[in-house]
Each structure stands twice: as structure tokens, then as C-alpha cells.
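Me: I have a structure here that I'd like to go through with you. Can we take it step by step?

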Amino acid sequence: MEIKVLHQVMEWNEDVSAQVREVLAANHVCMINIMGSPGAGKTSLITALIERLRRDWRIGVIEGDITGQIDAEKIAALQIPAVQLNTDGACHIEAMSIQNILPMLPLADLDAIFVENIGNLVCPAEFDIGESLRVTILSIPEGDDKVEKYPLMFTETGCLVLNKYDMIPYFEFDENRVRLNYESVNPDAPLFRVSSRTGDGLDDLCAFLSGKIAQAVK
């Protein structure tokens, strides 16, 4: 499958995110913004979610990276429409770039679009890209202090995924600390414990995402 590559043009996105939402709503598409640190397992999680959600939903992917198209190739190998967005040094994706990408995807044939944002716990949280839902990934090896250090990322998300949960026996990770800090800044958003490798916890996360997709496509 051919991978289209777009380079981000930096533009202020004050009003563009609203325009992106209008396009998505008109096409009944749910766009899910996946955020987290480099190595948190964003691509692996997206791949695992696609394998389950594609039974019921038509899915496309926008892969954000500083450069290259390694992750987009992994998605395209699943026969999923994918567009590679290279930010050429920028630490986040902007709504203007999403607006430019949407015509490259077969919106009429999609129910959901996963956007893999740049690996970063700071900048992506500050930019609305017109998404229907934000998903923040925190992997067990990263440590249990991230909610305190980067509160905006966890305040603005629609759910938190503790990824690589199968590794918790091997790290000094205080899950209760994470949960309490997360509830203090985002009390109404759920927390999921997931292992993309073993599949544990994915059914609950998929059920949550399916509910959000169903709201968008009706």
C-alpha cells in the first residue's frame, strides 16, 4: 500500500481545529489523538487496537514523526489507509497539518482515524488538532511521577492508558500514586491497564473507544 508523506507547515491553529471538527462531523468520523512519550508504545498499541476494532469499524491512521516513515509502514502493512506526517523538528502536530491531510484519506469510507502524535509529554497537550478524543499513554518503565511533572497532558485527556502493564513486577512503579494524582486533575476520565504484548486489558479499552466511535458515526 502506498504511503503518502506530508511535511508540516507551521501555522497558528486557533480556528483551524474547529474547521477540522466540522469536516469530521460532516463525514461521521471519530478522530482519536494518541499521545505519550517516545517508547511508551503508541504504535504497538494502535496496531493492537486496529486488529480488534477493524472487525466493527473502518479505520485510518495519521502517523506523526519528526522524520521518516517507519511507523506508517507498519500500519500500511495491515492494509489500513495511512498518511505519514513529518514535522521536520516540531515537537507536536498542529491542526493545520491535519486539515491538509484529511483530503488524502478516504473519509467517506472511514469511521475512525487514529493520530499518533509526536512522542512528547509537553507540547502535544497544548495544541487542539480537532480530535474527538485524546488518549494519553503512560508506560510502566517511564515511572510513576509523570502526572505530577506534566499535569496538562493528563488533565486534557479523555482517558489514561497504563501500557506495558505486564512489566509492573519488574519496576518500582507506584500505581496508587499515579491513580490518585490522575484523579486529582481529571476525576471523570477512566484509567485502563493494558499490555499490547499480551493483549490484557485491550477488550475494556476497545469497548470504551467503540462507544466514542459509535457516537461520532451515528
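Me: Which cysteine does a disulfide join to Cys 91?

Reply: Keeping in mind that this is a predicted model, a disulfide joins Cys 91 to Cys 123, with an S to S distance of 2.4 Å. Cys 91 lies in the loop between β4 (82-86) and α4 (95-101), while Cys 123 lies in the loop between β5 (112-116) and β6, so the pair ties together parts that are 32 residues apart in sequence.

Me: And which hand does that link have?

Reply: The link of Cys 91 and Cys 123 is left-handed, with -85 degrees about the S-S bond.

Me: Are those two cysteines buried or exposed?

Reply: Cys 91 counts as partly exposed because its relative accessibility is 24%, whereas Cys 123, at 17%, counts as buried.

Me: New topic: which residues of helix α7 are buried?

Reply: In α7, which spans residues 175-185, the buried residues are Glu 175, Val 178, Asn 181 and Tyr 182. They cover an arc of only 135 degrees around the axis, and therefore sit on the same side of α7.

Me: What do they pack against?

Reply: The buried residues of α7 pack against β6 (133-139), α5 (146-149), α6 (151-155), β7 (159-163) and β8 (191-193).

Me: What caps the N-terminal end of α7?

Reply: Asp 174 does, with a side-chain oxygen that lies 3.2 Å from the backbone nitrogen of Asn 176.

Methods: Residues are numbered from 1 along each chain as its sequence is written. This is a predicted model: local features need pLDDT of at least 70, side-chain atom pairs count only at pLDDT 80 or more; totals for chains, interfaces and linings use all residues. Side-chain values use heavy atoms; hydrogens and water are left out. Buried means under 20% relative accessible area, exposed over 50%, partly exposed in between (1.4 Å probe, protein chains only). Helices (H or I, at least four residues) and strands (E, at least two) are DSSP runs, numbered from the N terminus. The arc is that of the directions from the helix axis to the C-beta atoms. Contact means heavy atoms within 4.5 Å. A polar contact is a pair of N or O atoms within 3.5 Å; within protein, one must be able to donate a hydrogen and the other to accept it, and residues adjacent in sequence count only if both atoms are side-chain atoms. A disulfide is a pair of cysteine sulfur atoms within 2.5 Å.
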